[in-house]
Amino acid sequence: IHFYKRMLGGVSKLLYALQLPHPIVLCRAGFGTTPCLEKRMGKRVRNVPEWKREKMAKGPWWKKPDILMRAPIAKTHHPINAFAQLEEEISSAVSDQSAPDLPQEIADPYAAPPSMCILCPRKYEPGQAPSPSYLNPKLLSQFTSPHTGKVYDSHITGLCSSMQALVSREVLRSHDAGLMSTKVRNVEYLQDPQLFNSSRPIKPNPY
């Protein structure tokens, strides 16, 4: 900035010394300190010849004009097929008659049956499925050990994860309510039929 101030001040003093009628300030239009830098800062404009502009406007050299059909066969109006409706009726009749022979969507006969635990509601009629409750110690005692009073693990009972968690929660509630013993099974329930054999687990022991 100080450089431009000194330059403009020197030009003004020179014009005042020459006593021109109207002082004219002569300076560069750019803001660069060197001509090379000033050229870089300016906008670059290419000087393209006119013949080159016309050639570029025509498009690439390899692009050919579209082919226009001028042969007599191109102007021939082909007759409409008189049997189009008949062919469509025949094809629809053939498809209707062959429909029974097509593959049918049926259940896989070789698919394994869905696994259901002994307390699964899908295994019983609606409203007949037994539901574990802390008020039913006779049912809960069949899933507990007669020696320790603890609930058997799922690999012995064969219950799913949701039913196993429900039985464990209801057994704890029955213990808190005093309806079941916490150490041994009640003597009244020792002769109940066994739902599973504790010495032969249904699943391998995960531990």
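Predicted model: local features only at pLDDT ≥ 70, side-chain atom pairs only at ≥ 80, totals over all residues.
**An aromatic cluster of three residues**

Phe143, Tyr152 and Phe196 form a single aromatic cluster. Residues are numbered from 1 along each chain as its sequence is written, and side-chain values use heavy atoms, with hydrogens and water left out.

Two aromatic pairs are present in the structure. Rings of Phe, Tyr and Trp (its six-membered ring) pair if their centres lie within 6.5 Å; planes under 30 degrees apart count as stacked, over 60 as edge-to-face and the rest as tilted. Phe143 and Phe196 make a tilted pair, with 6.1 Å centre to centre and 35° between the planes. Phe143 is located in the loop between α5 (137–140) and α6 (154–157), and Phe196 in the segment after α7 (161–177), so this pair ties together parts 53 residues apart in sequence. Helices here are DSSP runs (H or I, at least four residues), numbered from the N terminus.

The rings of Tyr152 and Phe196 have centres 5.6 Å apart and planes at 90°, so this pair is edge-to-face. Because Tyr152 lies in the loop between α5 and α6 and Phe196 in the segment after α7, the pair ties together parts 44 residues apart in sequence.

Phe143 is buried, at a relative accessible area of 0%; buried means under 20% relative accessible area (1.4 Å probe, protein chains only). Phe196 also counts as buried, at 11% relative accessibility, and Tyr152 is buried at 14%.

Technical notes
Helix = DSSP H or I, 4+ residues; strand = E, 2+ residues; numbered from the N terminus. Buried < 20%, exposed > 50% of the residue type's maximum accessible area, 1.4 Å probe, protein only.
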